[in-house]
Amino acid sequence: MTAPASALRPPTVDELDPEERMSRPEIERLQLERLRWTVQHAYRNVPLYTRKFDEAGVHPDDIRSLDDVHRLPFTTKDDLRETYPFGMFAVPMSDVARIHASSGTTGRPTVVGYTRGDLDRWGTLVARSLRASGIRRGMKVHNAYGYGLFTGGLGAHAGIEALGATVIPMSGGQTARQVQLIRDFEPDAILCTPSYLLTIADAMAAQGIDPRSTSLKVAVLGAEPWTNEMRHELEQRLGIDALDIFGLSEVMGPGVGNECLETKDGPHLWEDHFLPEVIDGDTLQALPDGERGELVFTSLTKEAFPVIRYRTRDITRLLPGTARPGMRRMEKVTGRNDDMIILRGVNLFPTQIEELVLGIEQLTPHFILELTKEGRMDALTVRIERHPDLSVETCEAAAQVLVQRIKVFIGSSVAVRLEEPGALPRSEGKYKRVYDLR
């Protein structure tokens, strides 16, 4: 079974922003103009960048072409933590209209600020992203991203309003109420993480509701890596189009890029506001388009919080634009440098396991990965729920198929442990896949 033909339509040329209609040379001319402004702005107003530029022996006047961005120093999350809380702000606090921050689970939170102009541009880019997904003025949009210091909820909210759609500001959690409001309010679209949409679909099924029977036509999903296999699973279960919105707090929030409904071939990056690169994570050398590596961003229009060559840790590659020919697109993120598991010399990502799991119909998509020690050796166990409608014997046979496919396609020997339906935690936002118990 496949998802039905889309009930939505891609935007016409007349509906696109002028920048979306630009040719590649026009985009690059705009990028250079804005890059030169950003570098000057950061150097003059952010002490960390003044110091780092001086140490690297580079001055803003040295930026004469887009390739000159490679002369600039990188920015890392450690830089943001070192300058906590407001040392990266490039405008007086009186000009900062809003502050967001990460959860800080691995140390000090990273704090970002926005001027009124930054917020307007952010709303415009999220609106552009939603329009690319087929959402239009007058549609109802159920926003299940978390509100608060996390950028997802408020960023998506502003974009929905900027588009002229109707926002239903549900936020994350309260899954039973999510289901009720989807049934009662009949939204056309939903915004949340892919793992949480799976949780919502499971909750519908548990209540005897066919997830394909709702009013939902499209889901715009982000904030965690997810595979095309997960896309197929969600589209089939809910009868929707599922599209990838890309963003990160340090660069702006959601809306740095988005897939287009007519192609669904990875997010087009809104390069009129961001300059992307891909680098080799070990040598830190820039890689040509088409080669996979670590994604790096330089903001081009941010006033309160400009970022220069920010290392995202996301693994992807840059590809030519399709639905928006002037804008490059990125391959769906397959993982992060800091999510990578090294198991007895083999590098693997949780999304690789997800891809294999979703290729075995007898298995559910609910799994976690546990890393332990067996003597001196690392060991990985895939804990996965058995299918509630199949026998234990059938599911055990499918688990052994998964063991074999992981060995063949990834090159690692793992254990697979079947769990009872409902035994594993469910996503209430971003889903934790890996538990390191070593």
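Okay, housekeeping before we look at anything. Because this is a predicted model, local features need pLDDT of at least 70 and side-chain atom pairs count only at pLDDT 80 or more, while totals for chains, interfaces and linings use all residues. Residues are numbered from 1 along each chain as its sequence is written, and side-chain values use heavy atoms, with hydrogens and water left out.

So, the whole chain. It has ten helices and 21 strands; helices here are DSSP runs of H or I with at least four residues, strands are runs of E with at least two, and both are numbered from the N terminus. Along its principal axes the C-alpha trace spans about 70 × 60 × 35 Å. What radius of gyration would a compact globule of 438 residues have? Near 22 Å, and the chain has 22 Å, so the two agree. That radius is taken over C-alpha atoms, and the globule rule is 2.2 Å times the number of residues to the power 0.38.

Next, burial. Buried residues make up 56% of the 438. By buried I mean under 20% relative accessible area, exposed is over 50%, and partly exposed is in between, with a 1.4 Å probe and protein chains only. The chain exposes about 18200 Å², and carbon and sulfur atoms supply 49% of that; the areas come from the Shrake-Rupley method with a 1.4 Å probe, and for residues only the protein chains shown count as cover. As for contacts, meaning heavy atoms within 4.5 Å, take those with a separation of 6 or more: residues 24 or more positions apart account for 66% of them.

Rolling a probe the size of a water molecule over the atoms shows where empty space is left.

Helices α7 (194-206) and α8 (228-238) and strands β18 (363-374) and β19 (377-386) each supply at least two residues of the lining, and α8 gives the most, with five. By type, the lining divides into eleven nonpolar, six polar and nine charged. Nonpolar covers Ala, Val, Leu, Ile, Met, Phe, Trp, Tyr, Cys and Pro; charged covers Asp, Glu, Lys and Arg; the others, Gly among them, are polar.

Let's zoom in on two of those elements. In helix α7 there's alanine 203, buried at 17% relative accessibility. Leaving aside neighbours within four places in sequence, Ala203 is in contact with Thr175 and Val179. Ala203 and Val179 are 24 residues apart in sequence and 7.3 Å apart in space, C-alpha to C-alpha. Over in β19, find threonine 381, which is buried too, with a relative accessible area of 17%. Not counting residues up to four places away, Thr381 touches Ile368, Leu369, Glu370, Ala415 and Arg417.

Tyrosine 84 and proline 85 are joined by a cis peptide bond, omega about 0°, and Pro85 lies between α3 (77-82) and β1 (98-101). Serine 171 has a positive phi, near 70°, in a residue other than glycine; look between β4 (166-168) and α6 (175-185). Is Ser171 buried or exposed? Buried, at 19%. Lysine 264 also has a positive phi, near 50°, in the loop between β8 (253-258) and β9 (268-269), and Lys264 is partly exposed at 22%.

Last stop, out on helix α1 (residues 24-45): arginine 44, exposed at 65%. Arg44 and aspartate 67 are 23 residues apart in sequence and 22 Å apart in space, C-alpha to C-alpha.
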